[in-house]
Amino acid sequence: MTHLDDELLAELALDARTPDPGAADHLRLCDRCRESLAQLQEVAQVRAELPRLELPPAHVWDQIRSEVGLSTPVGEALDHARTRSRGLTRRSLALAASVAAVLGLGAGVAGTLLLTDRDRAPSNTVEAVIRLEPLAGKTGDGNADLIRSPAGNELKVAASGLATTPGFYEVWLINVDGKRMVSLGVLNPRSGGTFQIPTEMTAEGYRIVDVSLEPNDGNPEHSHDSIIRGTLPS
Amino acid sequence: MTSAEADAPSPADIAKGFADGDEQSLADAYARWSGLVFTLALRSLQDRPDAEDVTQQVFVSAWRGRATFDPANGSLGAWLTGITRHRIADRLAARSRDQRNSSAAIGLVDAGSPPAHVDDHTVDRVVLADELARLEDPRRTILRLAFYEDQTYPQIAETLDLPLGTVKSHVRRGLIQLRDRLKEVQG
């Protein structure tokens with residue numbers, strides 16, 4: 001018996017669509033597909049009720065470390081761990097200007113968020129505006145505004161002249177230490193985007209704003225195909 | 001850090017290091033799961049200092065009790081989630097004891113205690129939020145817009161300048177990924 005494709009089941013779960021007669025017949029007879037659909041429906045049903053993930057404040061880690069008596073220096077262990085968390089890349093990436101040679105780059109720090117108009121606080125102050133210049137052999141340019149708001153910092157990125165091409169554009173904040181980077185999310189090359197960034201990030205050295213062209217390959221790492229870039233003031 | 005270093009530790013790598021008592025793996029585990037633990041505690045207890053205490057207790061007791069963790073017998077994420085549930089339940093029970101004592105002290109009839117257990121639905125939602133934050137882009141951004149912002153597929157396609165079919169396909173595959181991760185954590 002050929003089971004129903006997971007993507008079809010996901011579509012049924014998401015759109016609450018009535019299956020066509022063939023699929024309906026199969027679902028009546030097949031426990032496995034019915035079970036699979038029920039699980040997907042369970043996830044689909046709570047999708048509007050997911051909480052925003054929050055990270056504990058820094059002192060929690062300090063207390064844990066001192067309570068268990070870790071011999072590794074505090075900051076180092078965690079900083080190292082953070083840069084090795086999700087989406088880490090260990091490939092080398094040649095950075096222009098401020099970072100000459102880079103050995104390994106880590107992407108981590110969950111919790112950045114693409115903002116929509118609804119989320120934006122009205123009382124924002126623009127802390128910095130920088131130009132994003134094309135890298136050698138690339139076309140396009142843009143700007144990035146660092147905005148301080150009561151809810152935290154935001155980075156507003158606008159681009160122009162980026163080529164229309166397969167794949168998608170992604171905004172990254174690269175640390176000037178050349179060792180760490182975080183992905184802020186997908187950029188619409190025409191309308192731009194605004195991304196929430198943790199308040200302490202720029203102070204920690206995440207100041208290089210980088211827009212890369214990413215292939216649709218499912219690889220979360222930086223493609224090494226940077227198109228435009230600029231550095232926020234310290 | 002050098003380019004010779006291995007890729008990011010997978011949850012399985014962290015779990016193995018943890019069981020072996022490798023200190024870096026405690027930091028790795030904290031970096032990977034502290035958001036999950038803290039958010040779960042915060043949602044259940046509705047109190048920030050209590051949630052911070054619970055987060056601290058979970059990682060301290062997990063580290064001290066690492067000999068009882070068997071990587072062959074389930075994931076570290078699921079094990080930490082289990083410890084978190086116990087710690088939250090302890091905190092809720094202590095709260096209701098305090099409440100009973102103070103009611104008794106002032107001569108009030110015990111009006112019944114709130115349940116001292118962690119709601120499964122809360123656990124599932126926090127686990128899913130944690131997994132969503134770990135999806136690769138553009139899937140992560142697409143699912144955020146679909147789930148948190150309640151945008152329609154055509155709106156997302158416009159926001160991100162991606163083809164509509166690509167958006168739909170990412171939402172479907174993302175849902176499957178989330179389901180798979182939920183099954184793993186639920187064991």
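This is a predicted model: local features need pLDDT of at least 70, side-chain atom pairs count only at pLDDT 80 or more; totals for chains, interfaces and linings use all residues.
Local features need pLDDT of at least 70, side-chain atom pairs count only at pLDDT 80 or more, and side-chain values use heavy atoms, without hydrogens and water. Residues are numbered from 1 along each chain, and chains are lettered from A in the order in which they are written.

Student: How many aromatic pairs does the structure hold over all chains?

Tutor: Rings of Phe, Tyr and Trp (its six-membered ring) pair if their centres lie within 6.5 Å; planes under 30 degrees apart count as stacked, over 60 as edge-to-face and the rest as tilted. Over all chains, the number of aromatic pairs is 5.

Student: Which geometry, edge-to-face or tilted, do B:Phe69 and B:Trp79 adopt?

Tutor: The ring centres of B:Phe69 and B:Trp79 are 5.0 Å apart, with 40° between the planes. Planes under 30 degrees would be stacked and those over 60 edge-to-face. The pair of B:Phe69 and B:Trp79 is therefore tilted.

Student: Is B:Phe69 buried or exposed?

Tutor: Buried means under 20% relative accessible area, exposed over 50%, and partly exposed in between (1.4 Å probe, protein chains only). B:Phe69 has 6% relative accessibility, so this residue counts as buried.

Student: Which residue of chain B has its ring under the charged end of A:Arg52?

Tutor: A charge sits over a ring if NZ of Lys or CZ of Arg is within 6 Å of the ring centre and within 35 degrees of the ring normal. The charged end of A:Arg52 is 4.5 Å from the centre of the ring of B:Tyr148. The residue is B:Tyr148.
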